[in-house]
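Reader: I have a structure open and have not looked at it before. Can you walk me through it?

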Amino acid sequence: LLPREEEDSPLKREEAEDCSIMVPLDFWSYPRMFIHVAQQYLVSAEKMVEDTVPTMISYLDSSTLLAAAAVSHVWREIATRDEFWRAILRDEFAVDCAALDPPPRPMKRLWLQMRRALRSLLVQ
């Protein structure tokens, strides 16, 4: 993250117990470098969310998926994808969404309607 230590480098080495840490002598003299590093971490964090969250969400049941959609805007965008709700409709109601003509959009709406219909049958 920091430039290599050379003879004329404005870095000093502070020795810790097990490791050595490079510390800039004047933090504010390197604003572009630190902004660049921060931007790289943000990009990698966003990429991690896009890679990891869909995999995690694919294992959730319907109630947990609804709760996951309330975490943040990014999670809501991912949790409302039709691919997850199509699997839930198949698992909970044995509905083959590919056979429906026209296919419902979004799939979550069909799941909500079927859940309400099932509840109304169970209440009566």
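Reader: Let's start with Pro-54. Which residues does Pro-54 touch, not counting those up to four places away in sequence?

Author: Pro-54 touches Val-49, Ile-78, Arg-81 and Phe-84, with residues up to four places away in sequence left out. Keep in mind that this is a predicted model.

Reader: Where is Pro-54 placed?

Author: Pro-54 sits in helix α1, which covers residues 31-57.

Reader: Is Pro-54 buried or exposed?

Author: Buried, because its relative accessibility is 13% and the cut-off for buried is under 20%.

Reader: How many residues apart in sequence are Pro-54 and Phe-84?

Author: Pro-54 and Phe-84 are 30 residues apart in sequence, and their C-alpha atoms are 8.8 Å apart in space.

Reader: What about Ser-58, where is that?

Author: Ser-58 is in the loop between α1 and α2. With a relative accessibility of 42%, Ser-58 counts as partly exposed. From Ser-58 to Ala-79 there are 21 residues in sequence and 9.0 Å in space, C-alpha to C-alpha.

Reader: Let me step back. How many helices and strands does the protein chain have?

Author: Five helices and two strands. The pattern along the sequence is β-β-α-α-α-α-α.

Reader: What share of the protein chain counts as buried?

Author: 19% of the 124 residues. As for contacts between residues at least 6 apart in sequence, 32% join residues at least 24 apart.

Reader: Now the helices. At what angle do the axes of α4 and α5 cross?

Author: At roughly 25 degrees, and the two axes come within 8 Å. Helix α4 covers residues 82-93 and helix α5 covers residues 107-123.

Reader: Are α4 and α5 roughly parallel or roughly antiparallel?

Author: Roughly parallel, because angles under 35 degrees count that way. The crossing of α4 past α5 is left-handed.

Reader: Which residues make the contact?

Author: On the α4 side they are Asp-82, Trp-85, Arg-86, Ile-88, Leu-89, Glu-92 and Phe-93. On the α5 side they are Met-107, Lys-108, Leu-110, Trp-111, Met-114, Arg-115 and Leu-118.

Reader: And by class, how many are nonpolar, polar and charged?

Author: The contact of α4 with α5 has nine nonpolar residues, five charged ones and no polar ones.

Reader: What does Ser-62 touch, leaving out residues up to four places away in sequence?

Author: Ser-62 touches Trp-85, Ile-88, Glu-92 and Trp-111. Trp-85, Ile-88 and Glu-92 are among the α4 residues in the contact with α5, and Trp-111 is among those of α5. Ser-62 itself is in helix α2, residues 62-68.

Reader: Is Ser-62 buried or exposed?

Author: Buried, with a relative accessible area of 9%.

Reader: Different topic. How many salt bridges does the count come to?

Author: Two. One is between Asp-82 and Arg-105, whose closest N and O atoms are 3.3 Å apart.

Reader: Where are Asp-82 and Arg-105?

Author: Asp-82 is in helix α4 and Arg-105 is in the loop between α4 and α5. The pair is 23 residues apart and links distant parts of the chain. Asp-82 is buried at 18% relative accessible area, whereas Arg-105 counts as exposed at 51% relative accessibility.

Reader: Which side chains meet in a salt bridge at 3.8 Å, N to O?

Author: Those of Asp-91 and Arg-90. Asp-91 counts as exposed, with 59% relative accessibility.

Reader: Back to Arg-105. What kind of peptide bond joins Arg-105 and Pro-106?

Author: A cis peptide bond, with omega about -10 degrees. Pro-106 is in the loop between α4 and α5.

Reader: And what is the bond from Asp-101 to Pro-102?

Author: The peptide bond from Asp-101 to Pro-102 is cis, with omega near -5 degrees. Pro-102 lies in the loop between α4 and α5.

Reader: Why point those out?

Author: Because most peptide bonds are trans.

Reader: One more. What is phi of Ala-94?

Author: Near 55 degrees, which is a positive value in a residue other than glycine. Most residues other than glycine have a negative phi.

Reader: Where does Ala-94 lie, and is Ala-94 buried or exposed?

Author: Ala-94 lies in the loop between α4 and α5. Ala-94 is exposed, with a relative accessible area of 69%.

Conventions
Residues are numbered from 1 along each chain as its sequence is written. This is a predicted model: local features need pLDDT of at least 70, side-chain atom pairs count only at pLDDT 80 or more; totals for chains, interfaces and linings use all residues. Side-chain values use heavy atoms; hydrogens and water are left out. Axes are lines fitted to C-alpha atoms, for helices over the stretch in contact, and angles run from 0 to 180 degrees between N-to-C directions. Helices (H or I, at least four residues) and strands (E, at least two) are DSSP runs, numbered from the N terminus. Angles under 35 degrees count as roughly parallel, over 145 as roughly antiparallel, 65 to 115 as roughly perpendicular and the rest as oblique. A crossing is left-handed if the near helix is turned anticlockwise from the far one by less than a right angle, and right-handed if clockwise. Contact means heavy atoms within 4.5 Å. Ala, Val, Leu, Ile, Met, Phe, Trp, Tyr, Cys and Pro count as nonpolar, Asp, Glu, Lys and Arg as charged, and the others, Gly among them, as polar. A salt bridge is a side-chain nitrogen of Lys or Arg within 4 Å of a carboxyl oxygen of Asp or Glu. Buried means under 20% relative accessible area, exposed over 50%, partly exposed in between (1.4 Å probe, protein chains only).
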